[in-house]
Amino acid sequence: MDAVNREIIARMASDVSLIPELASHLIAAGGKRIRPLLTLGSARLCGYQGSHDVLLATCVEFIHTATLLHDDVVDESDRRRGNATANVLWGNQPSVLVGDFLFTRAFQLMVETGSLEVLRILAGASSEIAEGEVLQLVIANDMNSLESDYLRVIKAKTAALFAAACRVGAVIADRPQAEAQALDDYGHNLGIAFQLVDDALDYAADAATLGKNTGDDFREGKITLPVLLAFSKGSEAERGFWRRVIERPEEQTSEDWSQALAYLERHGAIQETLARARAYAQKSRQALQLFAAGPMRDALSEAVDFAVERAL
């Protein structure tokens with residue numbers, strides 16, 4: 001990761017000073033760096049000894065950071081990882097354009113590996129992320145949305161990059177297709193578990209723990225699993241409440257947040273969301289069983305534990 005962090009700094013460099021200034025604001029804020037760690041861990045698990053894992057881990061982090069910059073503009077967010085968002089400090093236009101810069105840097109890094117398969121995997125994941133963002137906009141503020149719609153969003157927005165970050169580790173190590181698919185399955189299920197926990201924490205954690213404002217999803221009228229579960233189990237009056245606060249978030253009152261939390265608690269929506277996350281986490285661990293036991297397999301298994309234990 002030290003090598004990845006050095007590569008990140010080097011690849012953010014630009015004669016246009018605003019680019020590294022804005023990009024480093026978000027990247028230097030830290031974050032969990034779980035996606036590049038997964039790339040490094042997957043490559044090492046497959047016995048890779050070269051340097052392309054560092055390039056691809058940097059690439060994965062750039063793709064992720066670009067999506068965060070764009071997300072914060074779309075969501076009009078004002079806090080990320082405990083700090084003011086880039087769009088608050090510099091405005092929407094620079095945030096979008098620097099996000100674009102990081103995307104292009106990511107593709108340059110892919111090309112440097114010389115692998116068309118790596119390019120295919122990460123380009124496909126980038127496209128899927130964009131589709132997930134658009135689908136999230138489509139179902140936002142619509143309580144007629146289905147749980148299957150929500151799952152499509154998180155599989156595209158989150159799980160696709162987790163899966164790709166892991167799969168490329170097997171590709172650069174020139175491992176059999178079965179191992180590449182096992183790592184893809186590991187990352188895919190880990191990504192779903194990770195996002196389910198995030199969506200639960202938005203209603204259950206404090207802002208310091210979450211690294212963003214709690215209740216942001218609620219205030220933006222986002223459709224997430226806790227809301228869908230409470231809505232499906234609620235009375236007609238409760239469903240009317242959810243329709244009002246989610247479909248017309250601009251009409252929310254100061255009392256609506258505490259009322260929402262009460263309904264979620266009444267129907268065990270947070271607990272059920274976390275139970276679903278643990279089920280996906282178990283699938284993720286099972287995918288690693290194809291590989292021989294050892295420190296690197298243990299480390300990847302511990303990454304799954306971290307993803308779900310954030311909610312404890």
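This is a short chat about a predicted model.

Student: Hi! Which ground rules apply here?
Tutor: Residues are numbered from 1 along each chain as its sequence is written. In this predicted model local features need pLDDT of at least 70, side-chain atom pairs count only at pLDDT 80 or more, and totals for chains, interfaces and linings use all residues, while side-chain values use heavy atoms, with hydrogens and water left out.

Student: Is N189 buried or exposed?
Tutor: N189 is buried, at 11% relative accessible area. Buried means under 20%, exposed over 50%, and partly exposed in between, with a 1.4 Å probe and protein chains only.

Student: And what is N189 in contact with, beyond four places in sequence?
Tutor: Y280, K283 and S284. Contact means heavy atoms within 4.5 Å.

Student: Switching topic: which residues of α2 are buried?
Tutor: In α2 (residues 18-27), they are I19, L22, A23, L26 and I27. Down the axis of α2 these fall within an arc of 130°, so they line one face of the helix; the arc is taken from the directions from the helix axis to the C-beta atoms.

Student: What do the buried residues of α2 pack against?
Tutor: They pack against α1 (2-11), α4 (52-75), β1 (79-80), α5 (86-90) and α6. In α6 (residues 92-112) you'll find F101, which touches I19, among others.

Key: Helices (H or I, at least four residues) and strands (E, at least two) are DSSP runs, numbered from the N terminus.
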